[in-house]
Amino acid sequence: RLAVGDIVPVDGILIDGSGLKMDESALTGESDLINKAVYTGGGKESKADPFIVSGTNVMQGSGKMLVVAVGCNSMQGRILARIREQETEGGGDDDNEENGGFLSTLRSFFSFGSADVEGADLMKKLDVLAMDIGKIGLLVAFLVFLVMFTTWLNSQFFKGGDCAALVEDDCIPHAACAWSHSSGSCVRTWTAEDISTVLDYFITAVTILVVAVPEGLPLAVTLALAVSVRRMIKDSNQVKHMDSCETMGSATTICSDKTGTLTENKMTAMRAFLAGKEHEHIVGKTSGEEDMNLGKIILESSTSSDETKALVELLSEAILLNCAPTSKVNSTEAGLVYEGNATECALIKLTQQLKVDGESLRQSFKKPNSVLDWGEHSIPFSSEKKRMSWIVEKGDGFRMYSKGAPKAMFGSSTSFLSGLSGSVTETKPLTPAELKAFNEQIESYQNSGLRSLAVAFRDFDSVPKDGWNNNKDLETNMTLLAVFGIEDPLRPSVPGAIEDCRKAGIDVRMCTGDALSTAVSIGKGCGILRSTDFDKDGNPKEGFAMTGAEFDDRVHLKDDKAPHVVRRVFDPEINDAVDKLAPQFLLDEKGNKKLDMEAFDKLWPTLRVLARCQPEDKLTLVKGMRKSQLFMDETRCRSLDKEHNIKIFPDYQVVAVTGDGTNDAPALKSADVGFAMGIVGTETAKQACDIILLDDNFSSIVKAAMWGRNVFDSISKFLQFQLTVNVVAITLAVVGAFAYSESPLTAVQMLWVNMIMDSLASLALATELPTKELLDRMPYGRRRPVISKVMQANIIGHSLYQIGVLLWVLFAPQTIPFLDPPITHDPTQGSVHWSVFFNVFVLLQLFNEFNSRRLPTIEKLRSTASEWNVFNGVCSNPVFVAVMVSTFLAQIFIVQYGGLAVNLVHGGLTRDQWLFCVVVGMFGLVWQLIINFLIVRLMKSSSEEETNSIEQSIRKMSTSSLGDVKDDTSIDDAESHREKSLPQAN
């Protein structure tokens with residue numbers, strides 16, 4: 001049994017019931033209620049729809065249904081099974097390793113954060129990079145231990161150490177020496193102190209390994225993601241999968257819904273032809289200028305107050321008395337909230353603009369002891385007549401108000417309202433010439449993307465002889481009152497957000513269930529379709545806008561030998577889809593349509609608007625773009641740039657997609673990042689997505705892209721800082737091992753350095769807030785290595801500076817100027833010499849942390865002065881400031897009061913020694929300017945060429961490894977092929 005409010009859990013056929021209307025928006029995305037008719041059987045053809053599917057809601061009426069499918073066999077079950085199937089689909093095998101000799105082995109051992117087979121996943125790149133750093137640290141630690149141990153072993157045992165110079169009388173009493181009668185000399189023997197010495201060497205090696213291993217990297221990644229996820233909620237992004245936050249930063253394409261995402265999801269009357277005059281909503285020309293809504297325009301259009309009052313009364317009654325009682329527009333603190341039919345709510349909103357109290361008006365026409373909410377009789381909407389009517393008592397007689405599709409209303413009307421004389425209506429016959437003018441008006445509305453609706457009325461002197469129920473001629477001889485143009489207006493922030501996407505290198509494509517003309521109008525209004533995307537006649541150029549049926553027909557292979565079947569086909573005459581006989585699609589072993597990749601690659605680069613789009617069309621578009629290798633076709637890419645100003649990103653597409661219905665779930669799961677609508681989205685869509693848009697607003701997607709890029713940059717900043725410390729610390733440890741048989745930094749000091757460069761640095765650098773400038777560059781792409789060219793220059797440049805300064809302090813401290821007394825060369829723990837060395841080392845890292853805040857591109861360095869200022873925006877991150885201040889104060893305390901506990905000089909350093917350490921550390925800021933200057937002058941590649949290096953690496957693929965995706969390849973086969981064929985990035 002079905003009753004109002006039920007959510008149907010199974011599929012079935014309606015076998016009994018009346019007035020049943022279902023809300024299938026969860027499946028189709030269409031908000032209109034669907035009438036259901038009882039199945040009559042007997043094979044009779046009927047346009048009635050008796051099928052009820054799982055996941056839909058009963059909105060009106062009641063009935064009984066015969067269950068025909070449950071569980072995984074139902075519509076909702078099949079969708080959920082499809083999602084789980086995508087979750088379990090594995091990638092390609094990576095067992096086919098090359099055997100290219102030593103260099104190949106070396107490359108396989110060290111990749112340094114280059115892209116692996118799934119280059120889009122930053123986490124995998126970071127795992128590889130962390131392993132590589134750990135391997136280097138292990139090798140260096142082993143080398144340091146080996147050098148120190150063998151040097152000590154050689155000097156003490158093979159050369160005898162201090163024992164070699166002793167005579168027999170002095171040798172015997174010595175604890176570490178013994179007289180050898182065979183050689184006639186004093187030799188070195190093992191003691192307990194020797195074990196302690198070897199253990200010290202081992203601890204030093206382990207300390208180097210601890211410093212080298214980036215255990216702070218997971219903390220930095222987790223912090224960056226956690227901070228972003230928490231703050232993204234304020235931007236109406238509820239992140240379900242943390243890694244999707246970073247992936248969104250690499251997005252190159254966004255496939256967006258229209259309703260509620262690009263638009264406000266509040267149908268509004270924008271234009272009206274009323275009483276012989278055209279009225280139009282006027283949008284404010286500036287952000288501070290208020291819009292002139294249609295109601296205000298109508299109120300100010302008449303010169304006579306009596307005429308205005310009569311017109312408003314007539315129009316308000318025609319609207320409010322001919323709407324379903326469930327259609328309401330409520331005012332809340334958050335704005336207007338629609339209930340019921342969206343089109344009726346748009347007209348009710350117009351009456352509110354006309355300052356009419358709808359509830360009082362309806363109550364004044366309420367009849368006592370009547371089953372109706374008001375009036376005498378109602379004629380419900382019929383899909384055959386395409387109109388609905390309501391009859392009320394008016395004066396000494398009755399008046400019928402009717403509304404519906406314009407063509408249906410024109411055919412039932414014999415006159416139209418031409419004006420008012422005071423409060424008296426004036427009408428004119430609806431002649432063919434007048435009818436032509438009305439049709440032209442309707443056509444202009446449709447060309448502007450407006451949904452048209454006509455309103456009429458008819459007066460009766462008395463109740464007809466046959467009554468209201470049995471009279472089939474009630475809805476004839478009507479007087480046409482008005483024609484409305486209704487649309488779901490764009491969100492004010494959408495055009496600017498789409499322009500931001502274009503600057504950021506992100507293409508926006510609209511996938512909507514609306515008619516093609518409406519979709520094109522919305523696409524043009526929000527900027528998805530540019531002025532250059534239209535021909536001279538104002539129509540979209542070939543391939544820029546099409547229906548889902550045409551797209552489906554053009555990108556899938558067909559079996560011309562098989563019998564034709566009835567399926568959805570694009571009809572160019574009506575520019576829409578129809579069901580008729582057509583060739584079957586070729587299917588793969590999984591039952592999926594086979595994608596014609598060659599045809600798809602010809603289509604998708606220019607496609608911007610996909611109208612009458614069904615969920616499977618969106619799924620095909622998303623999966624096809626992710627597998628496309630069009631960027632390897634240089635000739636085609638240059639042609640698209642020259643002819644249409646369309647730049648193909650030189651890498652695989654990273655696709656984000658929005659969806660709200662249950663049928664959108666497979667597309668949400670297949671995309672790199674899936675956005676589900678938080679307000680109108682179904683639970684199935686929310687389960688399949690990565691991020692939930694709490695406000696259903698496209699601008700929030702752009703903010704997610706900004707946060708994603710910020711996550712990547714925050715992790716890169718930390719890597720740049722940490723790798724510099726690693727290079728310097730490991731280099732000095734090796735030098736110290738060779739020169740002094742011990743590391744200049746003790747284990748305790750190394751641990752403090754490790755805390756600075758891991759825990760505190762990750763906290764400081766991973767909490768930077770995103771800025772608008774993040775959208776002024778192109779996406780990084782799937783194949784971009786973690787360490788960019790600019791990062792490499794900064795790491796190498798600062799490492800050279802720090803190593804040079806520290807070697808100066810290590811080997812020639814007495815040459816340091818302006819110190820009185822000068823520092824004596826005393827390479828022992830606890831000396832002033834090595835205390836100054838430790839302090840210089842820490843302060844170099846501390847000031848380099850300011851340098852690591854900036855990750856400029858080469859273009860930015862060439863064009864923007866603010867990119868050279870490492871202090872720009874530093875006060876906007878209180879966490880960074882707090883970490884810097886606390887670290888500096890802790891360093892002062894350790895040096896001045898740590899003493900022998902941290903192997904430093906007792907009493908700390910003098911003021912002049914501190915001044916030298918601070919000046920050397922601060923000069924690292926000046927050194928950054930020198931590095932920037934060299935980058936600008938010497939590095940010829942631009943920020944685009946950083947991604948072009950990806951393109952060059954992909955071009956090195958041989959034809960066999962590329963394995964052109966054949967025309968008869970399905971989407972899933974293309975996915976498997978891609979995973980096996982991608983090379984390592986340079």
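Helices (H or I, at least four residues) and strands (E, at least two) are DSSP runs, numbered from the N terminus. By that assignment the chain has 32 helices and 29 strands. The model is predicted, so local features need pLDDT of at least 70 and side-chain atom pairs count only at pLDDT 80 or more, while totals for chains, interfaces and linings use all residues. Residues are numbered from 1 along each chain as its sequence is written, and side-chain values use heavy atoms, with hydrogens and water left out.

**View 1. The whole chain.** Of its 986 residues, 53% count as buried (buried means under 20% relative accessible area, exposed over 50%, partly exposed in between, with a 1.4 Å probe and protein chains only). Among contacts (heavy atoms within 4.5 Å) with a separation of 6 or more, 71% join residues 24 or more positions apart.

**View 2. Packing of helices α4 and α6.** Helix α4 covers residues 122–158 and helix α6 residues 192–212; they pack at an angle of about 160°, with their axes 8 Å apart. Axes are lines fitted to C-alpha atoms, for helices over the stretch in contact, and angles run from 0 to 180 degrees between N-to-C directions. The angle makes α4 roughly antiparallel to α6 (under 35 degrees counts as roughly parallel, over 145 as roughly antiparallel, 65 to 115 as roughly perpendicular and the rest as oblique). By class, the contact of α4 with α6 has 17 nonpolar, 4 polar and 1 charged residues (Ala, Val, Leu, Ile, Met, Phe, Trp, Tyr, Cys and Pro count as nonpolar, Asp, Glu, Lys and Arg as charged, and the others, Gly among them, as polar).

**View 3. Packing of helices α23 and α26.** The axes of α23 (residues 698–740) and α26 (residues 832–851) come within 9 Å and cross at roughly 160°. The two helices are therefore roughly antiparallel to each other, and α23 passes α26 in a right-handed crossing. Among the residues that meet are Phe 721, Val 728 and Tyr 740 of α23, and Trp 834, Phe 841 and Glu 849 of α26. This contact of α23 with α26 divides into 9 nonpolar, 5 polar and 1 charged residues.

**View 4. The eight-stranded sheet.** An open sheet of 8 strands has the order β7-β29-β28-β27-β8-β20-β26-β21, with mixed pairing (two strands pair if DSSP finds at least two bridges between them). At the edges stand β7 (237–239) and β21 (545–547), each with a single partner strand, so one side of each is left without a neighbour in the sheet. On average, neighbouring strands of this sheet are turned by 20° against each other, direction ignored. Strands β28 (residues 673–677) and β29 (residues 691–693) pair in the parallel sense over 3 bridges; Leu 693 in β29 is the bridge partner of Met 677. Helix α19 (residues 615–627) lies across β8, β20, β26 and β27, running at about 170° to β27.

**View 5. Two loop residues.** Thr 512 lies in the loop between β20 and α16 (516–526). Thr 512 is buried, with a relative accessible area of 5%. Not counting residues up to four places away in sequence, Thr 512 touches Lys 258, Ala 519, Leu 610, Ala 611, Arg 612 and Cys 613. Asp 473 lies in the loop between β18 (451–460) and β19 (478–487), and is exposed at a relative accessible area of 51%. Asp 473 and Ser 412 are 61 residues apart in sequence and 9.6 Å apart in space, C-alpha to C-alpha.

Definitions and conventions. A crossing is left-handed if the near helix is turned anticlockwise from the far one by less than a right angle, and right-handed if clockwise.
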